[in-house]
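I opened this entry to keep track of what I looked up, item by item. The sequence and the model come first, then my notes.

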Amino acid sequence: MGRFLKQVAEGQRIGPEQAAELARQTDLARLIAVAGELRDAGHGPLVSYSKKVFLPLTHLCRDVCHYCVFAHPPKVGEQAFMGRGELLEQAQAASAAGCKEALFTLGDKPELRYKAAREGLQELGHGTTLSYLREAAQMVFQETGLLPHLNPGLMTHKDLLALRPVSASMGIMLETASDRLSEKGGAHYGSPDKVPARRFETLRLAGEAAVPFTSGLLIGIGETRLERIEALIALRQLHEEYGHLQEVIIQNFRAKPGTRMAEAPEPDLDELLWTIAVARILFGPEMSIQAPPNLSPGVLTRIVEAGINDWGGVSPLTPDFVNPEAPWPHLDRLERETEEAGKHLVERLTVYPKYALDGERWLDEHMRVPVLRRIDTEGFARVDEWSPGTLDAPPEQVLQLIGVRPESGPTDVVLNDPPPGVAQSNGSVSNGSRRRAGVSELVGALRRAVSGEPLDETSIVRLFAARGRDFGAVCEAADEIRSSVNGDVVTYVVNRNINYTNVCYFRCQFCAFSKGKMSESLRGRPYNIGNDEVVRRSVEAWDRGATEVCMQGGIHPEYTGQTYIDLCRAVKKAVPDMHVHAFSPLEVWQGAETLGVTLEAFLGSLREAGLGTLPGTAAEVLDDEVRAVLCPDKINTEQWLEVMETAHHVGFRTTATIMYGHMERSANWARHLLRLRALQERTGGFTEFVPLPFVHMEAPIYLKGHARRGPTFREAVLMHAVARLALNPHFTNIQTSWVKMGAAGVRACLSAGVNDLGGTLMNESITRAAGSEHGQELAPAQMEELIRSCGRAPKQRSTAYGEVPADRVERSFEAPELLPPDNQVAVSG
């Protein structure tokens with residue numbers, strides 16, 4: 001058996017004959033050790049749960065399970081079904097309490113047994129329980145946004161298709177595969193819906209219908225260990241065929257007064273742990289194995305050790321109606337006990353991450369968008385309302401993990417109301433990443449990053465997955481590098497953004513700024529300003545102390561490479577000392593193509609015309625599997641890198657960016673960073689890395705229902721921190737976007753590896769067009785007060801991180817008011 005378990009630990013699949021040997025396995029410690037390793041391989045440090053409300057649609061049931069107190073016959077004066085008003089009242093209270101799941105539990109087809117059920121359904125305007133369930137689930141979802149999970153018992157193919165549009169997931173507990181328990185004297189005697197073959201048929205039909213489904217065992221009701229193994233193997237076979245089992249629940253029987261099994265012995269802890277471990281061993285690392293936490297108080301750490309990765313649904317409002325004697329643990333306690341087991345508690349939706357991320361396959365079209373807008377990059381639940389560009393407060397828990405006080409001031413950048421101070425983060429990788437067992441992989445990656453060693457894709461993905469204390473450790477390590485490389489100085493540049501046109505013939509799915517000439521129904525009117533207005537704005541910027549103009553725009557169908565050359569010449573003629581930072585790699589590629597010259601030749605012409613540096617925008621995510629969806633007609637990853645490498649070869653310095661938080665995954669982020677690092681190792685031409693979180697509000701891809709609501713706050717901070725780690729030592733400057741992150745986001749990022757706040761901007765069009773609520777300018781006085789409030793020293797810089805003449809700095813603090821920009825309406829051609 002020892003050799004057998006070793007093979008399991010190495011990833012070998014167990015066949016039915018081998019599985020039967022587990023029934024004789026008495027070395028529980030060895031089983032648990034193997035199960036724990038498998039669980040960690042599939043789920044790492046996370047144990048999930050769903051915050052739910054329990055809605056018992058009816059307690060009537062045609063079955064008579066001898067351990068059940070949920071179902072009971074009709075009672076005088078008691079409604080057969082929860083009414084619409086009561087359902088909605090409880091669902092609204094649950095939504096207000098932060099629940100995301102509405103668990104509908106009910107007896108199986110009571111109308112086939114009770115007249116009261118038939119009459120109750122008739123009063124509600126329905127002929128069957130499942131028909132009313134469909135209406136109830138749809139009502140709760142539409143009125144409250146709670147995602148329904150349905151446990152209606154046996155279902156036909158037609159039933160499943162009817163219920164799929166109004167639910168994110170469904171389930172049926174197999175409980176047992178033993179026909180013995182349906183015989184006289186068995187727990188399921190007299191319960192036609194508990195016949196194993198009938199339950200397996202529902203499970204099979206759910207697979208055919210592509211319904212994310214839950215199932216599991218109820219242990220200790222008279223079955224043997226071998227029968228449990230047979231049941232688990234049968235569930236595994238169904239899952240291998242259809243892939244639809246999102247979790248396997250191992251629930252321990254609890255004897256209840258007033259039932260025929262009131263005196264039956266309950267399974268002891270070892271029996272529960274043995275079953276959990278065997279389930280994990282049989283299903284392997286990827287399956288979610290769940291055990292209800294309210295049924296085993298005081299031993300939750302042992303249950304985690306046995307191989308679970310999920311606690312199931314936990315309600316802050318309603319009891320467990322199936323086990324009313326067992327109250328749900330408070331979430332604070334559940335989190336604490338999960339931490340004691342060396343894991344981090346994370347909230348999920350009723351539909352598990354794997355299925356939520358593949359909504360095209362697993363979710364009805366009515367559920368795909370609501371689920372997508374409720375998840376993060378890994379498919380877990382978004383737990384706060386913050387999104388880039390909004391004025392919503394960031395989650396306090398995330399701020400606290402990096403030493404930023406949430407009460408320190410407003411979360412938006414207001415021009416005449418500078419934000420007050422916050423506490424500065426402290427700590428190092430040596431202290432911050434050893435606080436909990438089971439993080440050796442993370443600690444190793446942090447140590448390598450701090451020492452400047454390259455990280456591989458797997459390690460970078462692991463850093464992006466950091467939550468809880470791991471998140472704090474990643475940020476601390478990043479900030480340790482920042483302190484060593486940049487000290488406490490935080491730089492910024494006084495500049496002006498000039499977006500000369502928003503007319504563009506590309507159709508990037510994320511862009512709310514670009515307008516086709518006839519697309520006036522979108523936000524703003526198409527415009528195309530002339531060189532005179534560009535020059536006027538440049539002169540005005542110089543008079544206000546700016547050292548840089550940043551010029552970018554849409555790819556106007558009438559623009560050629562000569563257009564960009566003429567723009568540079570016009571600005572440099574009017575303001576010779578102004579640094580021109582302009583033209584994305586897409587504009588450079590298009591400019592060279594329209595003139596029929598090489599990239600090198602075109603870049604040389606731009607240099608002669610006065611171009612100083614290039615922004616590394618249009619990068620989005622440098623992974624073509626993302627670009628094929630996000631910007632299919634744009635230059636590809638190889639072409640973007642070619643423009644940048646050629647620019648560096650010609651002698652330009654450039655920035656590098658990423659635009660993240662829409663439809664991509666963390667593996668795509670990792671590849672992006674690795675490609676930038678590789679180019680920087682060759683050329684050294686990048687001045688800084690600038691994470692640009694996706695602002696979703698007006699973005700076409702979001703409005704069409706194909707994107708998330710931008711990164712979560714944790715993900716946004718992590719992007720800066722992980723970039724500092726993964727790009728070390730080749731990138732020495734990490735910048736954050738105040739117009740996207742807001743003041744609170746700036747504070748957080750300054751504790752996570754950031755040393756630069758970019759430009760004062762004066763005008764900001766692109767992010768505002770996408771829906772950002774932050775301002776268009778952060779004047780030097782406000783910029784410096786924000787930096788000082790974080791315990792850092794502000795310093796103006798040039799575009800290339802050089803010194804700024806004292807007269808320019810002084811002028812920037814005495815800037816007059818801006819004149820309104822003149823965006824000339826584009827004339828249809």
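I started with tyrosine 801, which lies in the loop between strand 18 (793-796) and helix 33 (806-812). The model is a predicted one. Phi of tyrosine 801 is near 70°, a positive value in a residue other than glycine. I noted it because most residues other than glycine have a negative phi. Tyrosine 801 is partly exposed, with a relative accessible area of 22%. I also looked at what covers the ring: arginine 797 lies over the face of tyrosine 801, at 4.0 Å from the ring centre.

I then went to glutamate 175, where phi is positive at about 70° although the residue is not a glycine. This glutamate 175 sits in the loop between strand 4 (169-171) and helix 8 (196-208). Is glutamate 175 buried or exposed? I find glutamate 175 buried, at a relative accessible area of 11%.

I checked the peptide bonds as well. Asparagine 728 and proline 729 are joined by a cis peptide bond, with omega about 5°. I place proline 729 in the loop between helix 29 (713-726) and helix 30 (738-750).

Strand 10 (residues 489-493) runs parallel to strand 18 and is joined to it by four bridges.

**Salt bridges**

How many salt bridges does the structure hold? I get 48 salt bridges. I went through a few of them.

Glutamate 240 and arginine 236 meet through their side chains in a salt bridge, 3.7 Å from N to O. They are four residues apart in helix 9 (residues 225-242), so about one helical turn separates glutamate 240 and arginine 236. Glutamate 240 is partly exposed at a relative accessible area of 44%, whereas arginine 236 counts as buried at 3% relative accessibility.

Glutamate 337 forms a salt bridge with arginine 333, and the closest N and O atoms are 2.8 Å apart. Glutamate 337 and arginine 333 are separated by about one helical turn, because they are four residues apart in helix 12 (residues 331-340). I find glutamate 337 buried, with a relative accessible area of 11%, whereas arginine 333 counts as partly exposed at 31% relative accessibility.

Next I took glutamate 664 and arginine 708, whose side chains meet in a salt bridge at 3.4 Å, N to O. This pair links distant parts of the chain, 44 residues apart: glutamate 664 is in the loop between strand 15 (653-660) and helix 27 (666-683), and arginine 708 is in the loop between helix 28 (700-703) and helix 29. Glutamate 664 counts as buried at 1% relative accessibility. Arginine 708 is buried too, with a relative accessible area of 2%.

I also noted a network of salt bridges that links Asp376, Glu378, Arg467, Arg714 and Glu715.

**Aromatic rings**

I searched the whole structure for aromatic pairs and found 12. One of them is tyrosine 660 with tryptophan 669, an edge-to-face pair at 5.9 Å centre to centre with 85° between the planes. Both tyrosine 660 and tryptophan 669 are buried.

Phenylalanine 689 and phenylalanine 731 form an edge-to-face aromatic pair, at 6.5 Å centre to centre and 85° between the planes. Phenylalanine 689 lies in strand 16 (residues 686-693) and phenylalanine 731 in the loop between helix 29 and helix 30, so the pair ties together parts that are 42 residues apart in sequence.

Tyr500, Tyr559, Tyr564 and Phe583 form one aromatic cluster.

My last entry is a charge over a ring. The charged end of arginine 607 sits over the ring of phenylalanine 652, 5.3 Å from its centre.

Notes. Residues are numbered from 1 along each chain as its sequence is written. This is a predicted model: local features need pLDDT of at least 70, side-chain atom pairs count only at pLDDT 80 or more; totals for chains, interfaces and linings use all residues. Side-chain values use heavy atoms; hydrogens and water are left out. Helices (H or I, at least four residues) and strands (E, at least two) are DSSP runs, numbered from the N terminus. Buried means under 20% relative accessible area, exposed over 50%, partly exposed in between (1.4 Å probe, protein chains only). Two strands pair if DSSP finds at least two bridges between them. A salt bridge is a side-chain nitrogen of Lys or Arg within 4 Å of a carboxyl oxygen of Asp or Glu. Rings of Phe, Tyr and Trp (its six-membered ring) pair if their centres lie within 6.5 Å; planes under 30 degrees apart count as stacked, over 60 as edge-to-face and the rest as tilted. A charge sits over a ring if NZ of Lys or CZ of Arg is within 6 Å of the ring centre and within 35 degrees of the ring normal.
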